[in-house]
Amino acid sequence: MDPIISITGLSKSFGMRRALNDIDLKIQKGEFVAIFGPNGAGKTTLMKIISTVTEPTRGSVSIDGIDSKKDPNGIRGMIGAISHETYLYDDLTAKENLLFFSRIYGMEKSVMEEQVGKLLKNVKLYNRADERVGSFSRGMKQRLSIARALLHSPAILLMDEPYTGLDQQAAENFERVLMNTGSSEVTRIMITHNIERAFELCDRMLIMDRGEIRFDKMKKDISSAPGFRQEYLSIVERDIDEEGMSNY
C-alpha cells in the first residue's frame, strides 16, 4: 500500500543553522505516529513543512500522491492542525467559531450547520454552543480546537504539543474526544514529550535529535513506556529535567 505521506531527502536550513538534515520518512494511512525529541530537534519544522507552512531547502514531500511544491493548496485542504495554541476567537461563541472556520474552508451552508452541530456533540460542547469561548477552561478550548481541526474531514491530523496547559483530567478528556472523533482512517501525527500518554495512543514512535530521525519503531516492537524512555535518554544524551520530560 502506498504511504499517505512520503518524505525524501528533506533538509531545511535557517541561515547557517540546519534544522533538518536529509530526512526520509513514510507514513501509512491511518497510522498514529508520536514524535519525540529535545527542543531544537527539528520536530516543529518537520510538521510545518508537511503542512506547507514552511518550504524545505531541499528534498520532497508528497501527500496522498500530491507534490507539496506543485499543489500546496491541495495539501492544505487535507490537513487539520491542533497545537497548544487553539486558534480560537475568545469573543465569539463556540458555534460562531466553528461557523467562521467552516466558511474559510469553503463549506456549503447546509453542510456547515450539520457538521458544526455534529462536532459540538462529539466534543461534548453542544450545550455550551452559544457561550463565548473566552469563558471556557483550557480543556474545553482544546476540545473545541479538535472540532475546528476536523470541520473539513481532513485525511491527516497534525498535533504539536497538544497537552500543554492541560491538567490530568483535561488531558484524559482530550484523548477520549480525539480517539472517538473522526474516521479511523485519519492519519495522526503528534509531537509530544508525554511518553506515557503517547505510548497508550500511538502505533509508532519516532525520536528526532539534531535534525535527524534517530529512532523509528512500531509500538508493538517496544517493550514498555519506561523502556522507551531509556532509549530516548540514550539517544539524545540529555538530562531528563533539562528537557522538561519529568513535568509530564
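These notebook entries record what I looked up in this predicted model.

**Entry 1. The sheet**

I began with the strands. Four of them form an open sheet in the order E2-E1-E4-E5, and the pairing is antiparallel. I then asked which strands stand at the edges. They are strand E2 (17-27) and strand E5 (66-67); each has a single partner strand, so one side of each is left without a neighbour in the sheet.

**Entry 2. Strand E1 and its partners**

I next followed strand E1, residues 5-14. With strand E4 (residues 58-63), E1 pairs in the antiparallel sense over five bridges. I noted two positions along this pairing: Ser 6 stands opposite Ser 62 in E4, and Thr 8 stands opposite Ser 60 in E4.

The pairing of E1 with E2 is likewise antiparallel and runs over seven bridges. Here I found Ser 13 opposite Arg 18 in E2. E1 and E2 form a hairpin with two residues between the strands, in which Gly 15 takes a positive phi near 65°.

I also looked up how far E1 is covered. Seven of its ten residues are buried, and I recorded the strand as mostly covered.

**Entry 3. Helix H1 on the sheet**

Which strands does helix H1 lie across? I found that H1 lies across E1, E2 and E4, and that H1 runs at about 120° to E1.

Helix H1 spans residues 43-50 and is mostly covered, with six of its eight residues buried. I listed the buried ones as Lys 43, Thr 45, Leu 46, Met 47, Ile 49 and Ile 50. Just after H1, I noted that Thr 52 has a positive phi of about 70°.

**Entry 4. Helices H5 and H6**

I turned to the packing of helix H5 (residues 138-150) against helix H6 (residues 168-180). Their axes are 9 Å apart and the packing angle is about 15°. That angle makes H5 roughly parallel to H6, because angles under 35 degrees count as roughly parallel. The crossing of the two is right-handed.

I then listed the residues that make the contact. H5 contributes Gly 139, Gln 142, Arg 143 and Ile 146, while H6 contributes Ala 170, Asn 173, Phe 174, Val 177 and Leu 178. Sorted by class, the contact of H5 with H6 holds five nonpolar, three polar and one charged residues.

**Entry 5. Helices H3 and H5**

H5 also packs with helix H3, residues 94-104. The axes of H3 and H5 come within 9 Å and cross at roughly 25°. H3 and H5 are therefore roughly parallel to each other, and H3 passes H5 in a right-handed crossing.

Which residues meet in this contact? I found Ala 94, Leu 98 and Phe 101 in H3 meeting Leu 144, Ala 147 and Arg 148 in H5. In the contact of H3 with H5, five residues are nonpolar, none is polar and one is charged.

**Entry 6. Arg 197**

Last, I looked up Arg 197, which is placed in helix H7 (residues 195-201). Is Arg 197 buried or exposed? Its relative accessible area is 17%.

Note on methods:
Residues are numbered from 1 along each chain as its sequence is written. This is a predicted model: local features need pLDDT of at least 70, side-chain atom pairs count only at pLDDT 80 or more; totals for chains, interfaces and linings use all residues. Side-chain values use heavy atoms; hydrogens and water are left out. Helices (H or I, at least four residues) and strands (E, at least two) are DSSP runs, numbered from the N terminus. Buried means under 20% relative accessible area, exposed over 50%, partly exposed in between (1.4 Å probe, protein chains only). Axes are lines fitted to C-alpha atoms, for helices over the stretch in contact, and angles run from 0 to 180 degrees between N-to-C directions. Angles under 35 degrees count as roughly parallel, over 145 as roughly antiparallel, 65 to 115 as roughly perpendicular and the rest as oblique. A crossing is left-handed if the near helix is turned anticlockwise from the far one by less than a right angle, and right-handed if clockwise. Contact means heavy atoms within 4.5 Å. Ala, Val, Leu, Ile, Met, Phe, Trp, Tyr, Cys and Pro count as nonpolar, Asp, Glu, Lys and Arg as charged, and the others, Gly among them, as polar. Two strands pair if DSSP finds at least two bridges between them.
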